[in-house]
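Come along as I look things up, one item at a time.

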Amino acid sequence: MEQKELETIATEICDTYDIFAPPVPVEIMLQKPRDNMWEELDPSQLSGSFMSIRDRYSPRMSLARMLVRHIAASDWGQERNLHTILGDTQLLNMFARMLLMPKDMVLGLTSSARNPKTMSIHFEVPQDDARERLLELL
């Protein structure tokens with residue numbers, strides 16, 4: 001049930017930001033929240049210590065997790081019960097993957113493009129996260 005709720009909320013966020021194609025602009029979402037959805041944050045002011053750099057796209061996943069935490073703590077997120085749902089680290093990471101690889105965009109790929117390597121390039125995410133997202137959508 002939680003996964004379905006999170007998919008719906010991720011779609012709502014993408015719709016609010018008029019995001020219809022990858023890559024999802026997570027940096028802009030952090031800097032320019034729509035309708036005061038959450039607190040504005042300037043990623044350039046952040047310490048690099050929280051960023052994972054094991055993969056060239058790892059910083060985008062770190063920013064997505066940060067965005068998820070901001071969304072969950074915001075009034076907007078609390079109205080959708082995200083602060084409770086995302087208390088689990090696995091669900092927080094899953095929601096970050098949902099934001100960067102929205103279900104409709106993944107399912108819109110050709111079947112041959114639905115593999116970790118191609119999705120990594122297409123969505124600008126680490127291959128491991130693309131693999132996890134594919135497993136979540138099975």
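**Entry 1: two helices crossing.** Before looking, I reminded myself of the term: a crossing is right-handed if the near helix is turned clockwise from the far one by less than a right angle, and left-handed if anticlockwise. I also noted that this is a predicted model. Then I looked up helix H1 (residues 2-16) and helix H6 (residues 89-100), and found that their axes come within 9 Å and cross at roughly 40°. The crossing of H1 past H6 is right-handed.

Which residues in H1 and H6 meet? On the H1 side I listed Glu 2, Gln 3, Leu 6, Glu 7, Ile 9, Ala 10, Ile 13 and Cys 14. On the H6 side I listed Leu 91, Met 94, Phe 95, Met 98 and Leu 99. Sorted by type, the residues of this contact are 10 nonpolar, one polar and two charged.

**Entry 2: helix H3.** I checked the length of H3 (residues 58-73) next. Its 16 residues, at 1.5 Å a residue, should span 22 Å, and the end C-alpha atoms are 23 Å apart, which agrees.

Is H3 largely enclosed or open? I counted 12 of its 16 residues as buried, so the rest of the structure largely encloses this helix. Among the buried ones are Met 61, Leu 63, Met 66, Leu 67, Val 68 and Ile 71. Arg 60 is on that list too, with a relative accessible area of 8%, where buried means under 20%.

**Entry 3: salt bridges.** How many salt bridges does the structure hold? I found 10.

I started with Glu 12 and Arg 80, whose closest N and O atoms are 2.8 Å apart. Glu 12 sits in helix H1 and Arg 80 in the loop between helix H4 (75-79) and helix H5 (82-85), so this pair ties together parts 68 residues apart in sequence. Glu 12 is partly exposed at 28% relative accessible area, and Arg 80 is partly exposed at 22%.

Back to Arg 60: it pairs with Glu 124, with 3.9 Å between the closest N and O atoms. Arg 60 is in helix H3 and Glu 124 in the loop between helix H8 (116-123) and helix H9 (127-137), so to speak distant parts of the chain, 64 residues apart. Glu 124 is partly exposed, at 28%.

Asp 128 and Arg 131 also pair, at 3.0 Å. Both lie in H9, three residues apart, about one turn of the helix.

Technical notes: Residues numbered from 1 in each chain as written. Predicted model: local features only at pLDDT ≥ 70, side-chain atom pairs only at ≥ 80, totals over all residues. Heavy atoms only, no water. Axes fitted to C-alpha atoms, helices over the stretch in contact; angles between N-to-C directions. Helix = DSSP H or I, 4+ residues; strand = E, 2+ residues; numbered from the N terminus. Contact = heavy atoms within 4.5 Å. Nonpolar A, V, L, I, M, F, W, Y, C, P; charged D, E, K, R; others polar. Expected span 1.5 Å × (residues − 1). Buried < 20%, exposed > 50% of the residue type's maximum accessible area, 1.4 Å probe, protein only. Salt bridge = Lys/Arg side-chain N within 4 Å of Asp/Glu carboxyl O.
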